[in-house]
Amino acid sequence: MARVKKILEKMDGPVAIIGESAGATVALLAAAEYKNVHTLITICGVAQPTTPISPYLQHRAPALPEAVKRLDSLSFASSLSIHSLRSWYDPVVGKKYSVAPAATVHTLLVPGHLFTILCCLTVLSWYVIRLVRDKEHLLPL
């Protein structure tokens with residue numbers, strides 16, 4: 001989180017943040033803290049304070065459980081545009097945990113956690129870019 005804060009403090013003008021999987025938690029925390037964030041996109045993200053964290057993930061990311069608990073007390077600027085992109089089938093982060101508060105939900109017809117993230121960052125990147133740039137004229141999937 002310290003690296004993200006350092007970058008956001010240097011940014012002038014509006015900023016878009018994209019967080020995938022456990023990184024969505026960091027993106028949510030940053031978007032709540034910095035008012036220059038105009039768009040937040042989570043991709044298969046850990047976006048709810050009740051998300052169960054496996055022992056394996058706790059070992060790999062020791063700060064994650066505490067960060068997830070902090071999601072319970074967040075408030076966002078009314079101008080913030082929030083989008084949660086999720087797979088129709090994600091065995092890693094379930095549907096009820098992958099949708100950020102007040103988010104527009106985009107359920108993608110891509111199976112699996114990592115494959116959905118990969119697609120969003122490559123072949124579906126046009127759609128993610130469109131979400132950042134154009135809040136009112138989204139293309140349907």
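A nonpolar core is a set of buried Ala, Val, Leu, Ile, Met, Phe, Trp, Tyr and Cys residues joined through side-chain atoms within 4.5 Å. In this predicted model, the largest such core has 25 residues, and those with the most contacts inside it are Leu 8, Ile 17, Val 37 and Leu 40. The elements that each give two or more residues to this core are strand 1 (15-20), helix 2 (23-33), strand 2 (37-43) and helix 4 (64-70), and the largest share, 5 residues, comes from helix 2. Leaving aside residues up to four places away in sequence, Ile 17 touches a set of residues that includes Leu 8, Ala 27, Val 37 and Leu 40. A second, separate core includes Ile 41, Val 110, Cys 120 and Val 128 among its residues.

| Core | Count |
|---|---|
| Largest nonpolar core | 25 residues |
| Second, separate core | 13 residues |

The largest pocket has a volume of about 290 Å³. Of the 15 residues that line this pocket, Ser 21, Val 46, Leu 57, Val 92 and Val 93 lie nearest its centre, while helix 3 (residues 55-60) gives the most to the lining, with 3 residues. By residue type, the lining of the largest pocket divides into 9 nonpolar, 5 polar and 1 charged.

Note on methods:
Residues numbered from 1 in each chain as written. Predicted model: local features only at pLDDT ≥ 70, side-chain atom pairs only at ≥ 80, totals over all residues. Heavy atoms only, no water. 1 Å grid on protein atoms, 1.4 Å probe; cavity = no way out; pocket = protein on both sides within 12 Å on 5 of 7 lines; lining within 4 Å. Points joined across faces, edges and corners; volume = space filled by probe spheres on them. Helix = DSSP H or I, 4+ residues; strand = E, 2+ residues; numbered from the N terminus. Nonpolar A, V, L, I, M, F, W, Y, C, P; charged D, E, K, R; others polar. Buried < 20%, exposed > 50% of the residue type's maximum accessible area, 1.4 Å probe, protein only. Contact = heavy atoms within 4.5 Å.
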